Amino acid sequence: MMRCKLVIPAKLPGLNEYVSAERANPFKAAKLKKDTETFICYCIKQQLRGVRFEKPVKIAFLWFEKNRRRDKDNIAFAKKFVQDALVNSGVLANDGWKEIAGFKDEFFVDSENVRVEVIIRELGE
């Protein structure tokens with residue numbers, strides 16, 4: 001059973017930032033999504049070189065925020081960017097029901113080291 005960990009050393013845009021960009025200009029929202037996924041893909045290439053999951057996975061998202069200002073559901077929206085980047089980088093074949101059995105979110109405050117830790121665990125047979 002394969003397992004790996006990806007650390008994204010940044011505060012990812014939340015739902016509020018995305019909606020605000022979309023209301024301002026649909027191209028602005030598309031650019032926000034593309035830029036965020038490009039950064040995540042860079043992290044994937046640096047840390048998960050050659051990793052590819054063939055079986056369904058469970059994903060744990062550990063969100064480390066600077067403070068408690070953003071709502072948890074707003075923060076966790078960014079999992080969409082992470083999952084799309086995992087597919088674009090070839091770590092996952094797709095992000096559908098057959099590939100992702102489930103995920104969980106945990107939230108922490110770390111004012112010195114804002115980041116997202118993504119733990120991907122392949123399910124056994």
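**Note on the sheet, its helices and an aromatic cluster**

1. Let's start with the strands: β2 (residues 57-65) runs parallel to β3, and the two pair over 9 bridges. Pairing here asks for at least two DSSP bridges between two strands. Within that stretch, Trp 63 has Phe 107 of β3 opposite. Strands are DSSP E runs of at least two residues, helices are H or I runs of at least four, and both are numbered from the N terminus.

2. A word on provenance before going on. This is a predicted model, so local features need pLDDT of at least 70 and side-chain atom pairs count only at pLDDT 80 or more, while totals for chains, interfaces and linings use all residues. Residues are numbered from 1 along each chain as its sequence is written, and side-chain values use heavy atoms, with hydrogens and water left out.

3. Now the whole sheet. It is open, with 4 strands in the order β1-β4-β2-β3 and mixed pairing. β1 and β3 (100-109) are the edge strands, each pairing on one side only. On average, neighbouring strands are turned by 15 degrees against each other, direction ignored. Helix α4 (residues 79-88) packs on this sheet and touches β1, β2, β3 and β4, its direction making about 130 degrees with that of β2. Axes are lines fitted to C-alpha atoms (for helices, over the stretch in contact), with angles from 0 to 180 degrees between N-to-C directions; contact means heavy atoms within 4.5 Å.

4. Cys 4 has Ile 120 of β4 as its bridge partner. In a regular strand the side chains alternate between the two faces of the sheet. For β1 (residues 3-8), Cys 4, Leu 6 and Ile 8 make up the covered face, and Arg 3, Lys 5 and Val 7 the uncovered one.

5. Next, the helix pair. α1 (residues 15-24) and α2 (residues 26-47) pack at about 145 degrees, with axes 5 Å apart. From α1 the contact takes Glu 17, Tyr 18, Ala 21, Glu 22 and Ala 24; from α2 it takes Pro 26, Lys 28, Ala 29, Leu 32 and Lys 33. By class that gives 6 nonpolar, no polar and 4 charged residues. The classes are: Ala, Val, Leu, Ile, Met, Phe, Trp, Tyr, Cys and Pro nonpolar; Asp, Glu, Lys and Arg charged; the others, Gly among them, polar.

6. Glu 37 counts as buried because its relative accessibility is 8% (buried is under 20% relative accessible area, exposed over 50%, partly exposed in between; 1.4 Å probe, protein chains only). Leaving aside neighbours within four places in sequence, Glu 37 is in contact with Phe 81, Asp 84, Ala 85 and Asn 88.

7. Finally, the rings. Aromatic pairs number 6, counted for Phe, Tyr and Trp (its six-membered ring) when centres lie within 6.5 Å; planes under 30 degrees apart are stacked, over 60 edge-to-face, the rest tilted. Tyr 18 and Phe 77 are tilted because their planes sit at 40 degrees, with centres 5.5 Å apart. Tyr 18 is in helix α1 and Phe 77 in the loop between α3 (72-76) and α4, so the pair ties together parts 59 residues apart in sequence. Phe 77 also pairs edge-to-face with Phe 81, at 5.6 Å centre to centre and 85 degrees between planes. Tyr 18 is buried at 17%, Phe 77 is partly exposed at 23% and Phe 81 is buried at 1%. Tyr 18, Phe 77 and Phe 81 form one aromatic cluster.
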